[in-house]
Amino acid sequence: MIECPKCDGDGFEVCPVCFGDGEYTDCCGECGGEGEDELGDVCPECDGDGEAFVHCGECDGDGEVTCPLCDGEGEVTEDAVLSTENAPTSDGSPPAPSSPG
Ligand SMILES: [Zn+2]
Ligand SMILES: [Zn+2]
Ligand SMILES: [Zn+2]
């Protein structure tokens, strides 16, 4: 087992959704981002900003998520690392046939 290169052995990494804040701003669900309701009144939910803080469900507000590579262990087998580094890439460009000429 070696130290997990993805999380540096911590077993967790910064939440990719809220970037560690535990919440993030998103379009206000109350007014749909308009900042006011159908009657033109300032939205009480977002104070007219059209954006509201949303509790991050990805990390449940922790700002951290369990490392998917080591599953929170902080250690991985070398095989796991190699398979990650050698993940198949799809460049999707087959060799072009020689043009008639
Ligand atoms: Zn609103
Ligand atoms: Zn989060
Ligand atoms: Zn890890």
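1. Ground rules. Residues are numbered from 1 along each chain as its sequence is written, while chains are lettered from A and ligands numbered from 1 in the order in which they are written. As this is a predicted model, local features need pLDDT of at least 70 and side-chain atom pairs count only at pLDDT 80 or more, whereas totals for chains, interfaces and linings use all residues.

2. Overall layout. You will find one helix and six strands in the chain, and from the N terminus on they follow the order β-β-β-β-β-β-α. Both kinds of element are DSSP runs numbered from the N terminus, with helices being H or I of at least four residues and strands being E of at least two.

3. Burial and contacts in the chain. Of the 101 residues, 13% are buried; buried stands for 20 or more other C-beta atoms within 10 Å of a residue's own, exposed for 12 or fewer, and partly exposed for anything in between, with C-beta atoms placed from the backbone. Among contacts between residues at least 6 apart in sequence, 62% link residues at least 24 apart. Two residues are in contact, or touch, if their C-beta atoms, again placed from the backbone, lie within 7 Å.

4. Glu23. This residue sits in strand S3, which covers residues 23-27. Glu23 counts as partly exposed because it has 15 C-beta neighbours inside 10 Å. Leaving aside residues up to four places away in sequence, Glu23 touches Cys18, Phe53, Val54, His55, Cys56 and Gly61.

5. Asp47. Please have a look at the backbone here: Asp47 is not a glycine, yet its phi is positive, at about 60 degrees. The residue belongs to the loop between S3 and strand S4 (51-55). Asp47 has 12 C-beta neighbours inside 10 Å, so it counts as exposed.

6. Asp71. A positive phi turns up at this non-glycine residue too, with a value of about 55 degrees. Asp71 is placed in the loop between strand S5 (64-66) and strand S6 (75-76). Its 13 C-beta neighbours inside 10 Å are why Asp71 counts as partly exposed.

7. Glu75. Strand S6 holds this residue, and Glu75 counts as partly exposed because 13 C-beta neighbours lie inside 10 Å. Glu75 and Met1 are 74 residues apart along the chain, but 5.9 Å separates their C-alpha atoms. Beyond residues up to four places away in sequence, Glu75 touches Met1, Ile2, Glu3, Cys4 and Cys70.
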